Amino acid sequence: MTFLDWYREDRLPHIYCAGCGNGTVINCTLDAVESMGWSREETVFVSGIGCSSRAPGYIKTDGLHTTHGRALAFATGVKLANPALQVVVFTGDGDLAAIGGNHFIHACRRNVDMTVVCMNNFIYGMTGGQGSPTTPRSALSSTTPYGAEEEPFDLSLLAVAAGANYVARWTSYHVKELTRAIRTGLETPGFSFVEALVQCPTGYGRRNRLREATDMVEYLKTHSILLQKKQRMEREGQEVPPGMIPMGEFVRRNRAVLGARR
Amino acid sequence: MTRTEFMQGNVACAEGALAAGCRFFGGYPITPSTEIAEHMAARLPGRQGTFIQMEDEIASIAAVIGASWSGVRAMTATSGPGFSLMMENIGYAAMTETPCVIVNVQRGGPSTGQPTLAAQGDMLQCRFGSHGDYSIIALAPASVQEMFELTAKAFNLADRYRVPVFLMADEIVGHMRERIVIPDRVEIAERRPLEAGALPFQGGADGVPGFPAFGRGHAVHVTGLTHDERGYPRTNHPKIHEALVTRLVRKVEDARREIADYDAVNPDAEIVFVSYGAPARTVQQVLHDAGDGGIGHLRLKTVWPFPEFALREFRNARTFLVPEMNLGQISREIERHVDQAVVSIPKIGGELHTPGELARAAEGAR
């Protein structure tokens, strides 16, 4: 079997815009799940609302496409009622961090045994490009026409602070690293959070001089810096160029887990 | 073995759930329902069940729905403000045909209102609170015994019709203590599993699909979007939406005779009380005091779907008197179904109608 066998082919083609990064992240996730040797019967994909959250609809397993922001609460019930099920959650920055922010921090705190893959495109894609809690300062969106004035969330740091056992961040450019990080998340007992920065040429790029999908991927590539490298530069008093986003593994630890397989 | 105990209503509710095989409780503390959560927290771990105190009521009902799809009987308990928070996901449960039990021990509202005093102000919210068209089942206990029995029954109805079922209690029945007979076992009607080859959202003759629990290889896609019989989103097809939503309503409404549970006392009477929940106790006292069979009483244990045919059992009725701890929510429903006079006897503020008040109302209707 390959990860392609997990796709629900009779539902394709998908609804994603041309150039969207979500397909890459779904491929990486299914590749990681397939490499775990899990059966389709024991694996459940859960999601909330938004572009990212349509992913379970394209996967041939049991799937729960729920209400906006609530995926982690639904997933907690699925996992605790039957710990034999392997639970993977797809979510986006608006779904997870705005309306679902409270569920996010509490799922991290409980350290429920599941893996969350967040496709962070800095924008509300499905509703047409409104600002989200991760929209960078001064970025344009349909609800920040003069540039975003609020400080954005760093979702990975938030997950570390709230108590997740495993946290990593990569982008849709870093296919191998992202796949490996998701695989590590699946292997790690407890709450695993993998943030995948993705290009959204339609909702984000066209308002922010990144109209072509490749422009935005190039931006993610050139503004990535390995977390350890950034920390070393800071330790050594070197100046880290502004706008660089740290990538890699933020935490891997062994706090007490809720809902581990009995 | 059947045993007799002296018990609080909320505890009896939890015991009824456990007897019915409930193995998951997700909840958030709120007066006056909290004893249900506390009792489940104490009792579920010893029965290989899961208790989890979620971060809010939205998360509580979400976790309950998730647990139900994992194949276990699951419930939550709350009161007015928490019930309002649950509404979005209650609609999701109706749309996705998820069996679950939601207990609302009602308190005075709107808003935070009267946390420690009784009301029946959420009767229409439970029927119509979420957006769109759908139908649900709601039961109303009038005693500690019924807190036990109707909770257990709620699980059977939820599984039978793949629908959220509400136990619409009130602070009085939740906190009263009285004698209760606990049977050695309660009837458990198991969920009908999805048959091989059947579609997960295809109704069949009774409109109710078998249940495709997770982990059994059904590869079912569950979505709150308008979906076809396979569960696939089909949001731009008027006919598919109409067929789905019509079935969700009809599978409950068409079964209302089968679902209905009520007591009809003195069916020849001309003056007839219609009641549910705690006010039914006062009506029973009025009938007892009158002692002549001249006053009838329709006591509803099922409020939704509304058993309008039960009103017609009172062939000689001239007036229906409807005491409720709200400003007339179910009396309006009764008006829709009968030609006779319907007199609402509202009482809000937290106190129950007194026998004298209702006796005077009956006298005034003669």
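**Helix pair in chain B.** I looked up the handedness of the crossing of α1(B) and α6(B) in this predicted model, and the crossing is right-handed. Helix α1 covers residues 9-19 of chain B and helix α6 covers residues 144-161 of chain B. I noted an angle of about 30° between them, with their axes 7 Å apart. That angle makes α1(B) roughly parallel to α6(B). I then listed the residues that touch. From α1(B) I have G9(B), N10(B), A12(B), C13(B), E15(B), G16(B), A17(B) and A19(B), and from α6(B) I have V144(B), M147(B), F148(B), T151(B), A152(B) and F155(B). Sorted by class, the contact of α1(B) with α6(B) has nine nonpolar, four polar and one charged residues.

**Helix pair in chain A.** Next I turned to helix α4 (residues 101-110) and helix α5 (residues 155-162) of chain A, whose axes come within 8 Å and cross at roughly 45°. At this angle α4(A) is oblique to α5(A). I recorded the crossing of α4(A) and α5(A) as right-handed. On the α4(A) side I found F104(A), I105(A), C108(A) and R109(A), which meet L155(A), L158(A), A159(A) and A162(A) of α5(A). Here the classes come to seven nonpolar, no polar and one charged residues.

**Where chain A and chain B touch.** How many residues does each chain give to the contact? I have 36 residues from chain B and 33 residues from chain A. The area buried between chain B and chain A is about 2,700 Å², and carbon and sulfur atoms give 59% of that area.

**Salt bridges.** Side chains of opposite charge can pair when their charged atoms come close. I counted 34 salt bridges over all chains, and the count between chain B and chain A is two. I looked at R110(A), which forms a salt bridge with E55(B), the closest N and O atoms being 2.8 Å apart. Another pair I looked up is E195(A) with R169(A), where the closest N and O atoms are 3.1 Å apart. This pair links distant parts of the chain: E195(A) is in strand β8 (residues 191-197) and R169(A) is in strand β7 (residues 166-171) of chain A, 26 residues apart.

**A loop residue in chain B.** I placed D268(B) in the loop between β11 (262-265) and β12 (271-275) of chain B. Which residues does D268(B) contact, leaving aside its neighbours within four places in sequence? I found R315(B) and N316(B). D268(B) and N316(B) are 48 residues apart in sequence, yet 5.7 Å apart in space, C-alpha to C-alpha.

**Backbone notes.** I found a cis peptide bond joining L12(A) and P13(A), with omega about 5°. P13(A) sits in the segment before α1 (22-35) of chain A. I found another cis peptide bond between G109(B) and P110(B), where omega is about 5°. P110(B) belongs to the loop between β5 (100-108) and β6 (114-118) of chain B. Last, I checked N111(A), which has a positive phi of about 60° although it is not a glycine. N111(A) lies in the loop between α4 and β4 (114-120) of chain A.

Methods. Residues numbered from 1 in each chain as written. Chains lettered and ligands numbered in written order. Predicted model: local features only at pLDDT ≥ 70, side-chain atom pairs only at ≥ 80, totals over all residues. Heavy atoms only, no water. Axes fitted to C-alpha atoms, helices over the stretch in contact; angles between N-to-C directions. Helix = DSSP H or I, 4+ residues; strand = E, 2+ residues; numbered from the N terminus. Parallel < 35°, antiparallel > 145°, perpendicular 65-115°, else oblique. Left-handed = near helix turned anticlockwise from the far one by under 90°. Contact = heavy atoms within 4.5 Å. Nonpolar A, V, L, I, M, F, W, Y, C, P; charged D, E, K, R; others polar. Buried area = accessible area lost by both parts, 1.4 Å probe. Salt bridge = Lys/Arg side-chain N within 4 Å of Asp/Glu carboxyl O.
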